[in-house]
Amino acid sequence: MSSRSATVRAYAKVNLSLKVLYKRPDGFHELRTVFQTIGLHDTLDFEFTPGKGAVVELDDALAIDNNLVTRAARLFFERRKVRGRLRMRLKKQVPMGGGLGGGSSDAAAVLLALPALTGKNTNLPDLMEMGAELGSDVPFFLVGGAALGLGRGEELYPLPEPKPLPMIVLAPPIHVSTPEAFRALGRPSLTSPSESPKLNTFQSFVWQAYLASDAENDFEVAVFQLHPELKRWRRKLERLGAHVARLSGSGAALFGVFPNQAKLQGALPQFHTEPLKVFSTTMLTRVQYRARLWRSLREHALVNTWPPQSRYA
């Protein structure tokens, strides 16, 4: 049978606010966060040929160990009883280990593309279940836009969205270990289930349309102590006109949200002498995010369905 191919972009995210509350009985920390998709992306090329057996192949120049792309494809093949050969090629642009969700976004792109390519239509709850099995951030990338994340981040509630604004993302040559970042928080900075100050400030931030300058990330104090240069770069974003500048996730990537392109373009050259990767991008609304992904699959998908549904089912 003839092969079916598509090229899909896997968009990154930032955490506009992030609160770490307390350690749960299951060993994970209870989180409150506001996720936001952005235009920075990886690219995945797919080629699926129906046939006997189940073969998943990945061309990954970085040879990422235990790649979520392969894991997501094999999980989908297993759950939906897919038969055929899938060849994928991953082109990375989203910095790894920066708190931008690149691996999780790649996995979600696989879960969104495969129903359309394989003819195995799958509803959103089933995809969300698979995504949660792969990682806490994966379910968010199945919905996109702006969303409130609770629990480990996998319990999601879409938020009303403001006008998308331009952003600068800074990716320093620093690796912040997520377990190390959690350990560095220490007990005094955590909130018990019965305490409310952190929840009050987080709720206030969300009610202010979550682009207020008092956005917070609980990891910043601990991570900035380990890597003081990150604090310096965040302050530089603020001095150059970003009305929100924060660490994303547990870092080490930083982002600055600018009121307009003119302000961003004025700030951009100021980082060219720094030892950083610098990206100019923008926020993506849920509608923009879904439209871009759907267009990548339009040859194989029914019109304007979400998640994309296959013409071959």
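A: The part in question is an open sheet of four strands, in the order E8-E9-E7-E10 and with antiparallel pairing, where two strands pair if DSSP finds at least two bridges between them, and where helices (H or I, at least four residues) and strands (E, at least two) are DSSP runs numbered from the N terminus. Its edge strands are E8 (244-247) and E10 (277-282), each of which pairs on one side only. From one strand to the next the twist averages 15 degrees; axes here are lines fitted to C-alpha atoms, for helices over the stretch in contact, and angles run from 0 to 180 degrees between N-to-C directions.

This is a predicted model, in which local features need pLDDT of at least 70 and side-chain atom pairs count only at pLDDT 80 or more, while totals for chains, interfaces and linings use all residues. Residues are numbered from 1 along each chain as its sequence is written, and side-chain values use heavy atoms, with hydrogens and water left out.

Strand E7 (residues 166-171) pairs with E10 in the antiparallel sense over six bridges, and within this pairing Ile168 has Ser280 of E10 as its bridge partner. Helix H6 (residues 219-226) packs on the sheet, where it touches E8 and strand E9 (254-257), contact meaning heavy atoms within 4.5 Å. The direction of H6 makes about 65 degrees with that of E8.

Two packed helices are described by the angle between their axes and the distance between the axes. For H6 and helix H7 (residues 228-239), that angle is about 120 degrees and the axes are 5 Å apart. H6 is therefore oblique to H7, on a scale where angles under 35 degrees count as roughly parallel, over 145 as roughly antiparallel, 65 to 115 as roughly perpendicular and the rest as oblique. On the H6 side, the contact is made by Glu220, Val223, Phe224, Gln225 and Leu226, and H7 contributes Pro228, Leu230, Lys231 and Arg234.
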